[in-house]
Amino acid sequence: MCSQVYSIRMTARTHDLAAVAALAVAVLVYSPESLTLSTVLVGLLANQLGGITPDIDQPTAPFWRNLPEGHYAGKIFGKLLGGHRFISHSIIGFALFAWLCNLLLHFLHPIMPHVDIQLVWYAFLIGFASHLVMDSFTKEGVPLLLPIPIKIGVPPLKKFRITTGKAVEALVVFPLLLIFIVWLFANHYDTYVSMLRHVSH
Ligand SMILES: [Zn+2]
């Protein structure tokens, strides 16, 4: 069953790493000046959630597997979102989930006043966007421009794109992402450490 599951989408582990990598780059570019510990923790969580959210259109996604009766909820959501790699893998879907996440964060803000919800929102969006970018490297492509029914992929020639769940993903994409993250942290060690030093409690 697993091979069937992984043949239609990238593994959650690949998306987790891609979300972290994208966040690490954004943090370097943007270098937030004041961070609280709760912003860092909630931001990391939001980033990881953003990285797997587009796949909630699939009942077998990890998001649903971890919830009781999640499989059924996943089926309903999948239908609502038009099936796998449909609305939640488009710019319209990105805007919709950005709006929903913003609503949720404003709703939760009173119970987590030390969290910078703007930064957490960015972390979620970065995770979400990294998912769409990663999926665009696969043969299936992503319907970014919905309702225009074109699937966009990088590179445009399908045969040069990767097949999800196959050896290339596990042996090339995953390790490359890992190497990139290690390289990034090693090269910008001082910047990250000084950022963490300024984290207030
Ligand atoms: Zn996906």
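A: A compact globule of 201 residues would have a radius of gyration near 17 Å, and the protein agrees with that at 17 Å. Along the principal axes, the C-alpha atoms fill a box of roughly 45 × 40 × 35 Å. The model is predicted, with an average pLDDT of 87 and 95% of the residues scoring at least 70. Residues 1-7 fall below 50 in pLDDT, and this stretch has six contacts in the model beyond near neighbours in sequence.

The protein contains nine helices and two strands. Read from the N terminus, the order of elements is α-α-β-α-α-α-α-α-α-α-β.

The packing can be followed from helix 2. Helix 2 spans residues 12-30 and helix 7 spans residues 117-136; their axes come within 8 Å and cross at roughly 125°. At that angle, helix 2 is oblique to helix 7. The crossing of these two helices is right-handed. On the helix 2 side, the contact is made by Thr14, His15, Ala18, Ala19, Ala22, Leu23 and Ala26. Helix 7 supplies Ala123, Ile126, Gly127, Ser130, His131 and Met134. Sorted by class, this contact has eight nonpolar and five polar residues, and no charged ones.

Helix 2 also packs against helix 8, which covers residues 167-187; here the axes come within 10 Å and cross at roughly 25°. Because angles under 35 degrees count as roughly parallel, helix 2 is described as roughly parallel to helix 8. The handedness of this crossing is left-handed. From helix 2, the residues involved are Arg13, Thr14, Leu17, Ala18, Val20, Ala21 and Ala24. They meet Glu169, Val173, Phe174, Leu177, Leu178, Phe180, Ile181 and Leu184 of helix 8. The class count for this contact is 12 nonpolar, one polar and two charged residues. Thr14 and Ala18 of helix 2 take part in the contact with helix 8 and also in the contact with helix 7.

Helix 7 has a further partner in helix 6, residues 91-108: the two pack at an angle of about 150°, with axes 10 Å apart. Helix 6 and helix 7 are therefore roughly antiparallel to each other. Helix 6 passes helix 7 with right-handed geometry. In helix 6, the contact residues are Phe94, Phe97, Ala98, Cys101, Asn102, Leu105 and His106. Their counterparts in helix 7 are Ile117, Val120, Trp121, Phe124, Leu125, Phe128 and Ala129. By class, the contact between helix 6 and helix 7 comprises 12 nonpolar and two polar residues, with no charged residue.

Ser31 is not a glycine, yet has a positive phi of about 30°. The loop between helix 7 and helix 8 holds Pro147 and Pro155. Leu146 and Pro147 are joined by a cis peptide bond with omega of about 10°. Another cis peptide bond joins Val154 and Pro155, with omega of about -10°.

Note on methods
Residues numbered from 1 in each chain as written. Predicted model: local features only at pLDDT ≥ 70, side-chain atom pairs only at ≥ 80, totals over all residues. Axes fitted to C-alpha atoms, helices over the stretch in contact; angles between N-to-C directions. Helix = DSSP H or I, 4+ residues; strand = E, 2+ residues; numbered from the N terminus. Parallel < 35°, antiparallel > 145°, perpendicular 65-115°, else oblique. Left-handed = near helix turned anticlockwise from the far one by under 90°. Contact = placed C-beta atoms within 7 Å. Nonpolar A, V, L, I, M, F, W, Y, C, P; charged D, E, K, R; others polar. pLDDT = per-residue confidence, 0-100. Rg over C-alpha atoms; globule rule 2.2 N^0.38 Å.
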